[in-house]
Amino acid sequence: MRTILITGPGGSGRTTVAAATALAAASAGARTLVLSADRTDTLGAVLGTPTGPAPVEAAANLTAWRPDAATGFRADLAAFQERASSVLDLLGASRLDPEEVTPLPGAEELTLLRALRDATLAEAHDLLVVDLPPTPQALALLALPEELRRYLRRLLPPERQAARALRPVLGRLAGVPMPAEWLYETAARWDLELAAVEAVVADRNTVVRLVAEPSPAGADAVRDATLGLALRGLRPDFLVASRVLPEADAGADSWLAGPVAQQRKTLDEWQTPYDVRTVAHLGRDPRGVDDLSGLGVPGVKAEAATVEWPVVDRLAQDGVLVWHIPLPGAIRDELDLIRRGDELVISAGQFRRIVPLPSALCRCTVAGAALREGELRIRFAPDPRLWPQTR
C-alpha cells in the first residue's frame, strides 16, 4: 500500500489538497482511504460528506475517516487503570470514570498515529492519504514514535526482563521494589505499536507532500519543513503551490498585479529545488466533489522518493569513513553534533534527532565534519583499539 502524508503551514489549504488527492486516486480506480484527526470536520466540509469516528464512503472507491481522540483516550486510560489496579489500591487512589475524562493535549496526534497503523495493517486499501496537522506539529508527530521507543528502551531495557525470577531477591537487596511484570508487558506492547507506526513512516512507499501558498511566508515555511523532513530521512515528492492567482487577470492597473508578481517570484525560486505543481485559486473555498476534481492536484508518483544516508569508504585515500547526510537548507552556524556512545545527536536549526551510528562507525572516532552543497559529511577515523587489525 502507498501512503501520502500531506502537510503544510496553517491555512495553506492542505486539507483541501489531501481530499483532492484522495479523490483523484479513487477516480482512477485505487481503493483510497483519506484520514484526518482535526477536531472540527474540515475534511467533511471539503468533501461534502460529514466524517467521524466511523469510516464513511465519500465517493466511489473513496473512504473518509476522522477517528475520535476522546474515545481512544478513555479506552487507554481504562486499560491502564485495570493493569495498575494493585498499585492504585496500595496508594489508596480512586479510579477515574470514563465520563469524567477529557483528552489531554496531544491525544489527537496519538490517535492519528494509531489510526495510521491500523489502516496500514488492515491492507484494505491501495492508497492511504493522511491529512497531517500544520507543519511544526506534523514534524513533531513524525518524530514521536522513534523518540518514545528510545525513551522506553532507556527506562525499561528489554534485557532486564530476563531476570524475572531474580526480581524479588534484587528488590530485597536494593531495599526498593522492582518493577512489576505488568509494567514490562505494557512497555513491550507500546514498543510494538510504536514500531509499527515507525515502520510505516520509514517505508519506501511512504512519501510526504508539502502544500504552501507561494509567498515569502510560504517560502520560509517550506524551507524549514524541508530541513525538518531531511533530518527524519524524508523528502517531499511534490511541492503543491496552492491558491495560485490567474496571471491573465493581473493587468498593470489591477489590484492583482502585486500579489501575482509576488507569487511568480516565489514559484520561480521553487522550480530548481522542488518538483512543483500548482493548484489554481477558484475564487472561493472548494466544496464538494466537483470543485475538488477541478483543482488538478498531482497523482501518485510511480517511483518512491527514497533518501539514503550512505557511508563512503575512503580509508585507502584519506584514512576515514565519511557519513553523508542530506540536509538541504541547513545553515553551518546552526548545526551541532554530539557523539554519545553509539549514538549521534544532530541539531539543525530548530530540529534535533538522535540517531544510532551504523555498525562500522561504532568502532571509530569522529575526525571532523563539513556542510557542503546541502549535505552534512561527517568523517570517522578507525579507533585502533576497536578496529580489526590486518596482518
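1. Two strands count as paired if DSSP finds at least two bridges between them. In this predicted model, strand β12 and strand β13 (residues 351–356) are joined by 6 bridges and run antiparallel.

2. R339 stands opposite L344 in β12. The hairpin of β11 and β12 has 2 residues between the strands, and in that hairpin G341 takes a positive phi near 60°.

3. How many of the 6 residues of β12 are buried? The count is 5 for this strand (residues 343–348), so β12 is largely enclosed by the rest of the structure. Buried here stands for a relative accessible area under 20%.

4. A further group of strands forms an open sheet of 4 strands, in the order β9-β10-β15-β14, with antiparallel pairing. Which strands stand at the edges of this sheet? They are β9 (311–314) and β14 (364–372); each has a single partner strand, so one side of each is left without a neighbour in the sheet. From one strand to the next, the twist averages 25°.

5. Within that sheet, strand β10 (residues 320–326) pairs with strand β15 (residues 375–382) in the antiparallel sense, over 6 bridges. I325 has L376 in β15 as its bridge partner. For reading side-chain directions along such elements, the general rule is that in a regular strand the side chains alternate between the two faces of the sheet.

6. The cysteines need a separate remark. A disulfide is a covalent bond between the sulfur atoms of two cysteines. With a cut-off of 2.5 Å between cysteine sulfur atoms, the count comes to 0 disulfides. C362 is in no disulfide, and its nearest cysteine sulfur, that of C364, is 8.6 Å away. C364 is likewise in no disulfide, with the sulfur of C362 as the nearest cysteine sulfur at 8.6 Å.

7. Is C364 buried or exposed? C364 has a relative accessible area of 3% and is buried.

Technical notes: Residues numbered from 1 in each chain as written. Predicted model: local features only at pLDDT ≥ 70, side-chain atom pairs only at ≥ 80, totals over all residues. Heavy atoms only, no water. Axes fitted to C-alpha atoms, helices over the stretch in contact; angles between N-to-C directions. Buried < 20%, exposed > 50% of the residue type's maximum accessible area, 1.4 Å probe, protein only.
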